[in-house]
Amino acid sequence: MTKIVIKKKIKSFNKIISVDSDKSLSIRSLLIGSQSYGLCKIKNLSKSGDILSTISGLKKLGVKIFFKNKICYLYGSGLSGFNYKKNILINAGNSGTFARLLLGLIIKTPYKIKLVGDDSLSKRDFKRIADPLKEFGAKFELRNKNNLPLKVIGSEYLKPINYFEKRGSAQCKSSVILAALNTPGKTTIYAKKSRDHTELFLKYLKLPIKVIKKKKYDKIEISGEHQFKSFDYEIPGDVSSSAFFIVLTLLSKNSKLKIKNVNVNPTRIGFIKIINKMGANVKFINKRNIYGENLADICVRSQNNFKPINCPVELNSNAIDEFLIIFLLAAKASGISSFKKLEELNKKESPRLKLASKILKKIGVKVKSGPASIKIFGNPKFTVNKKILINNYYKDHRIFMTSIIAALCLGGKWTIEDKDSHVSSFPSFLSILKKIGYRF
Ligand code: S3P
């Protein structure tokens, strides 16, 4: 087993970095490209494990994908253009986004397709996807009526649906949007607010999608069976990956960081809103809009005082991938922070809320937690002066990276197992740490 040992805090740094490309947009560009007609050119595609799973899954469906001069080229054969064969087996690895969005695109398959994933993905809920997709007319066989491996058998006669997405899950919403692309007629979705990359992508391609934004939910209407041409796209940096370096900078002494070319879509920056409410001063410069998405460079400096927060629940979905690193900042705030209605956090690559509470207690932070809530008793002077072992965390990439950041800014002697786990979203994580001065 591979592990990392950290015995020292990171020294002051003043650097300009780029993080790996956005995972959500990388997966969407490949999946949506597979439905277009012609040759798509995708620059800066993420090279993470989840994207490699996406590429190999699409290849099984007959999509031609290749790389030339680091640019990804994909031949789309249009809507209903997959080459379905008997006995197709797709392995989604660790990627919930790929697995769930793909299901929306294969509900026309005439032969059963089997979908499998790694241990972590095999524990996650797929009923949430199978239920709405069954309404379109597809059939599903799920292990335990809920999990992978699953089998999908499609239908030639799909019908549009009305769907209420109540969890704030962009994966559920996007799976239904993609299913609607291949379905005649108008599908209507009432979705609790969540990241809106799929909607913006389809708007950029001028597809018939209409989004009416209400206060608490979005009404989305999509008319299906409109063929569209291939496209060029360029993936910006991932704000969720940036989050680790933002908190590292905030909690280190005399340090300064600029992260270039990051996607700062308003539905992705709940994390920055939350930590700025806690007193952080994270700034966006050089703001621009490309392909309908907001981009910026992120600037951050070391700071001393963080206020505790009673975290507004309406920010939960827009910060869902960043709560672990937010909890770390809360441990250094001057008082008790409270986070509620976080049931979705236990449904990620690991039961993150439970594990966060366990790890915080292990390192010496007082925590009170419930099934969907956590109170963190912060202390600006908090440091770690003992040996810490981080293991058995379902190889959750975000737990690995948060633990490394905690070790680098809190002190103590940390051993963090399953070193390769970060590769599923952020393969350059350790090399960027080296670039800003840490010697492992
Ligand atoms: C994602 C949506 C979120 C997020 C995941 C990526 C996406 O999941 O946690 O990392 O790209 O749509 P849910 O939709 O399950 O909240």
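Q: Which backbone oxygen lies 2.7 Å from a polar atom of the side chain of Thr-183?
A: In this model, which is predicted, that oxygen belongs to Ala-179. Thr-183 itself is placed in the loop between helix H6 (170-181) and strand E11 (186-192).

Q: What makes Arg-28 count as buried or exposed?
A: Arg-28, which is found in helix H1 (residues 23-33), has a relative accessibility of 2%; the limit for buried is under 20%, and therefore Arg-28 is classed as buried. Among the residues that Arg-28 touches, leaving out those up to four places away in sequence, are Thr-97, Leu-101, Ser-174 and Phe-201.

Q: How do you know that the side chains of Arg-28 and Ser-174 make a polar contact?
A: The contact between these two side chains is 3.2 Å, and a polar contact requires a pair of N or O atoms within 3.5 Å, so the pair of Arg-28 and Ser-174 meets that distance limit.

Q: Why is Leu-39 called partly exposed?
A: Leu-39 has 33% relative accessibility, while buried means under 20% and exposed means over 50%, so Leu-39 falls in between and counts as partly exposed. Leu-39 is part of strand E3 (residues 37-43), and together with Phe-66 and Tyr-75 it makes a nonpolar surface patch of about 250 Å².

Q: Which residues of helix H5 (residues 127-136) are buried, and what do they pack against?
A: Arg-128, Ile-129, Ala-130, Pro-132, Leu-133 and Phe-136 are the buried ones, and the elements they pack against are helix H3 (96-105), strand E8 (139-143), strand E10 (162-165), H6 and E11. Just after H5 comes Gly-137, with a positive phi of about 130°.

Q: How many residues has the largest nonpolar core, and which have the most contacts inside it?
A: This core has 83 residues, and Phe-245, Phe-327, Phe-339 and Phe-429 are those with the most contacts inside it. Helix H12 (residues 397-410) gives the largest share, ten residues. A second, separate core has 68 residues, including Leu-79 and Phe-140.

Methods. Residues numbered from 1 in each chain as written. Predicted model: local features only at pLDDT ≥ 70, side-chain atom pairs only at ≥ 80, totals over all residues. Heavy atoms only, no water. Patch = residues over 30% accessible without salt bridge, like charges linked within 9 Å, V, L, I, M, F, W, Y side chains within 5 Å. Areas by Shrake-Rupley, 256 points an atom, 1.4 Å probe, with all protein chains shown as cover. Salt bridge = Lys/Arg side-chain N within 4 Å of Asp/Glu carboxyl O. Helix = DSSP H or I, 4+ residues; strand = E, 2+ residues; numbered from the N terminus. Buried < 20%, exposed > 50% of the residue type's maximum accessible area, 1.4 Å probe, protein only. Polar contact = N/O pair within 3.5 Å; in protein donor to acceptor, adjacent residues only side chain to side chain. Core = buried A, V, L, I, M, F, W, Y, C linked by side-chain atoms within 4.5 Å. Contact = heavy atoms within 4.5 Å.
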